[in-house]
Every structure is written in C-alpha cells, then in structure tokens.
Amino acid sequence: MLRLSILIPSLTLLISVPILFLLAPRILPPRQISISVPDELDDLSLFHKAIAAETTFPKKPSHKLRLGSTTVRPPKIAFLFLTNSDIKFAPLWEKFFNDSINPVDPHLYNIYVHSDPFVKISPLLGVFKDRLIPAKQTQRSSPTLISAERRLLAHALLDDPSNTYFVLLSQHCIPLHSFSYFYKFLLDTQKLSRKMEFPSYIEILDESDSLLDRYNARGENVMEPEVKFEEFKVGSQFFALTRKHSLMVIKDRKLWRKFKRKCINVESCYPEEHYFPTLLSMEDPKGCTKYTLTNVNWTDSVDGHPHTYYPAEVSAQLVYDLRVSNSTYSYMFARKFSADCLNPLMELADSVIFKD
C-alpha cells in the first residue's frame, strides 16, 4: 500500500510534465523579444547614414518625367514588404510590376523586403530577387515590428534619392489596381508641375474602445511626459509615407524611447499601430490624410487578427467591394488573404484587378 501511495504521485508527475510543455505556449503569454543594445546601435548607425546622405542629395530634385530631349530621373515608389513567411502572392505582384495591359517602367519603383532571419523562407525570384535587406528578428505585439519598419524606411531612403513614396505591405497583401493607376494616383504629373506638397496616407484615429488599455500597455502613465493620452493615436500598420515623413520617423529618438519598452499587458500591445500615427500626428498632422490605402476587414477579427479571405470568397465583386473606401479615393491594396487564394486571384488579374 505504501509503495502504491508513492508510485501514484510519481506517475502523475511524469505524465503532467510533458503535458505542461505542450500546453504552456497556449496558456502562458509569449515572451517578448528584447531589442538588444548591439541591434539598437546597428540601427542607429544605419539611420545616421541615411540622414547624412540626405544632405548630399539635391535639395530640390527635379521630378519632370521627360522634357524635350532632356530626360531626368522620375520620382519612384519604394515598396516595403515586411514578412515572416514566404511571399505567396509573388506571381500576382509580378504581374502588378510587369503589367501587360499598362506596361510598367522599371525605373518607377524599387522593392525592399525585410524577412525575419529566424524563419526559413523560399528563395525570392523575379522582381523580388536580391531585394532582401539586412533584417533582424520580429515578433507580434513587440516593438521589433517598429524597428523592422524603420529599418526598411532607412534602407530605401539611403538606396535611392528618387524614392518619393514609401509603401509598407505584408506577404498577405494584394493589389486592387494596376501599378500605372496607383502611380498616377500618388504622383500626378499636374501636381508635380505645380510643385504641390504631397500627403502621407496613414490612418490616424483618436477613438477606440481599447485606446486607454493600449496607452497603458507598458504600465499606467509610462508614456508620459513624452506622449500624453490625448496625443496617443491608433491606426493601420500599413501606410504610404512621403520622403519627408520617412525622414521624421528615422530621426525620432524621443518617442522611440517610450515605444520600445516592453509591454506588461501583451493583449493590448500593438506598438506598430500606435507609433507611426502618434509620431506623425504630433509632428505634422496637416501633412497626413489620416486614411490608409490598405483595406483590412476587422468585422470578425479573431485574437487580434483581421478577417482572412479564402478561395470561396474571391470574386470580381469582392475586388470591387474592397476598392470602396470612406475617403474620396479608392483603396489600393487589401489584406488578409490565405495562400490558396493565389490561383483564383490570378484568374481575375487581367480582367478585373489590373483593368482599371
């Protein structure tokens, strides 16, 4: 009887330990990745180079597309892809950048990809080939996503002085219009000739049921005095920033000191959805439209993730519906699509998506 009383707890312990290992990741919140001092210094060095290079570029670069026999460099759009998995929609983006209906000038865009080095992805081909930038580990609900986006901006700023707009996307995003349509929308030649100021397209909201929880995610009033609650904003992670605003982002030190802190309440921690709208709202609110160009469906979100579209939902009507926005202009991109949506989307590419 004594042996049995000793054996039962021992067996229970042996059985429970592996069960705990299996269930722990689902029960306990994920451990937040810290941004190491070497990584921080590495990024600062990159930012300093990009800022210093800006002073050597022409102060007022000419953006005339073609004038008589004189050809000068046109303004470009820098597409920034932030990913931690394969870019499954690469064939669709390939068609976007090599549109047979509206031939695309390859000198009108650049592509930069930040891929988590701790995740194995397939080799990038086509327009994505050799477009990887030096990357660092990223994690949801952590400031590493802000770091990755700032890193993308800095590389694009440093790489080409003709990069005029910086458009952030993910591997789950798809285009809703042709490249030509999008380029004309962002960089209208009439606006260029009039030397008009271009806005940044970034969602900036100051109303949300969870805004106070998000503000206090790092601890109550930790964000003060740099960011008061009434200055704290929320918005979509995806944006199209001007060169001026991209420089503001990589020059910032004050707000970054707050936003890089670990969150105590991980469930309310979405740093990348707050840092950019808060910073630009404080620095240049009139220079931002307060609208995003990427349609994300939050009507039936699960665990902080938006609605995911599956093949059965893909249709011409869905594309038309996704284009409709609350602003005066159309949505240009949409997410989140499952990887198996590629084939039905490719079937719609020429007849619907890129037929503006």
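Me: Where is Lys-290 found?

Reply: Lys-290 is in strand β7, residues 288-290. Helices (H or I, at least four residues) and strands (E, at least two) are DSSP runs here, numbered from the N terminus. Keep in mind that this is a predicted model, where local features need pLDDT of at least 70 and side-chain atom pairs count only at pLDDT 80 or more, while totals for chains, interfaces and linings use all residues. Residues are numbered from 1 along each chain as its sequence is written, and side-chain values use heavy atoms, with hydrogens and water left out.

Me: What about the phi of Lys-290, positive or negative?

Reply: Positive, about 75°, although Lys-290 is not a glycine. Lys-290 counts as partly exposed, at 40% relative accessibility. The cut-offs are under 20% relative accessible area for buried, over 50% for exposed and partly exposed in between, with a 1.4 Å probe and protein chains only.

Me: And Asp-130, where does that one lie?

Reply: In the loop between β2 and α4. Asp-130 also has a positive phi, about 60°, and is not a glycine. Asp-130 is exposed, with a relative accessible area of 67%.

Me: Leu-124 lies in the loop between β2 and α4 too. Buried or exposed?

Reply: Leu-124 counts as buried, because its relative accessibility is 16%.

Me: What does Leu-124 touch?

Reply: Ile-87, Val-113, Lys-129 and Leu-132, not counting residues up to four places away in sequence. Contact means heavy atoms within 4.5 Å. Ile-87 is 37 residues from Leu-124 along the chain, and their C-alpha atoms are separated by 8.2 Å.

Me: OK, on to α11. Which residues of α11 are buried?

Reply: Leu-318, Val-319, Leu-322 and Arg-323, in a helix that runs over residues 316-323. They cover an arc of only 135° around the axis, which puts them on the same side of α11. That arc is taken from the directions from the helix axis to the C-beta atoms.

Me: Why would residues three or four places apart point the same way?

Reply: An α-helix has 3.6 residues a turn, so residues with that spacing point the same way.

Me: What covers the buried residues of α11?

Reply: The cover includes β8 (294-296), β9 (333-335) and α12 (342-353).

Me: How many cavities of 30 Å³ or more are there?

Reply: The count comes to one. About 40 Å³ of space lies in the largest cavity. A cavity is a set of points, on a 1 Å grid over the protein atoms alone, where a 1.4 Å probe fits but cannot get out, and lining residues have an atom within 4 Å of a point. Grid points are joined across faces, edges and corners, and the volume is the space filled by probe spheres set on the points.

Me: What lines the largest cavity?

Reply: Glu-40, Asp-43, Leu-44, Phe-47, Ser-147, Arg-150 and Trp-256. The elements that give two or more residues to that lining are α2 (37-56) and α4 (144-159). The largest share, four residues, comes from α2.

Me: Last bit, the overall picture. How many helices and strands are there?

Reply: 12 helices and nine strands. Buried residues make up 50% of the 356 residues. Among contacts between residues at least 6 apart in sequence, 81% join residues at least 24 apart.

Key. 1 Å grid on protein atoms, 1.4 Å probe; cavity = no way out; pocket = protein on both sides within 12 Å on 5 of 7 lines; lining within 4 Å.
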